[in-house]
Amino acid sequence: MIYKREVEDLQLQIKKLKREREAMLDLSPTSADSLVLASDFDAKAFVDKDLKIGVDLRNLEIKIEIAQARYNHLFADVDA
């Protein structure tokens, strides 16, 4: 059952990273009085973080694929 839990945890991590990546695109003001100016936007930091999230997502997708395949191989007869 640890494999099944690991797959669920990986799926949750993937969802969180995808939400984080989408939230990075939200440059709207944090309140009615604040504005995000173009000069306040750090493009290099944005690109670095976006690429890091992309790599982390890809690594998690590979890991979940391996974990699911291994789980199915080991426990296919047990769940059936």
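Biologist: Let's start with Tyr71 and Phe75. What makes them about one helical turn apart?

Modeller: They sit four residues apart in helix H2, so about one helical turn separates them. An α-helix has 3.6 residues a turn, so residues three or four places apart point the same way. Bear in mind that this is a predicted model.

Biologist: Why is the pair of Tyr71 and Phe75 called tilted?

Modeller: Their ring centres are 5.2 Å apart, and rings count as a pair if the centres lie within 6.5 Å. Planes under 30 degrees apart would be stacked and those over 60 edge-to-face; theirs are at 45°, so the pair is tilted. The structure holds two aromatic pairs, and Tyr3, Tyr71 and Phe75 form one aromatic cluster.

Biologist: Why is Arg58 called partly exposed?

Modeller: Exposed would need over 50%, and Arg58 has 45% relative accessibility, so Arg58 counts as partly exposed. Arg58 is found in helix H2, which covers residues 43–79. Arg58 and Ile14 are 44 residues apart in sequence, yet 9.1 Å apart in space, C-alpha to C-alpha.

Biologist: Over to helix H1. How do you know that its buried residues line one face?

Modeller: The buried ones are Val7, Leu10, Ile14 and Leu17. Looking down the axis of H1, they fall within an arc of 85°, so they line one face of the helix. On the other side of H1, Ile2, Arg5 and Arg19 are exposed.

Biologist: How does the reach of H1 compare with the span expected at 1.5 Å a residue?

Modeller: H1 has 22 residues, numbers 2–23, and reaches 31 Å from first C-alpha to last, close to the 32 Å expected.

Biologist: Which residues make up the largest nonpolar core?

Modeller: Ten residues in all: Val7, Leu10, Ile14, Leu17, Met24, Ile53, Leu57, Leu60, Ile64 and Ala67. H1 and H2 are the elements that give two or more residues to this core, and H2 gives the largest share, five residues. Leaving aside neighbours within four places in sequence, Ile64 is in contact with Val7, Leu10, Gln11 and Ile14.

Biologist: How much of the whole protein counts as buried?

Modeller: 14% of its 80 residues. The protein has two helices and zero strands.

Key. Residues numbered from 1 in each chain as written. Predicted model: local features only at pLDDT ≥ 70, side-chain atom pairs only at ≥ 80, totals over all residues. Heavy atoms only, no water. Expected span 1.5 Å × (residues − 1). Buried < 20%, exposed > 50% of the residue type's maximum accessible area, 1.4 Å probe, protein only. Arc of directions from axis to C-beta. Core = buried A, V, L, I, M, F, W, Y, C linked by side-chain atoms within 4.5 Å. Contact = heavy atoms within 4.5 Å. Phe/Tyr/Trp six-rings, centres within 6.5 Å; stacked < 30°, edge-to-face > 60°.
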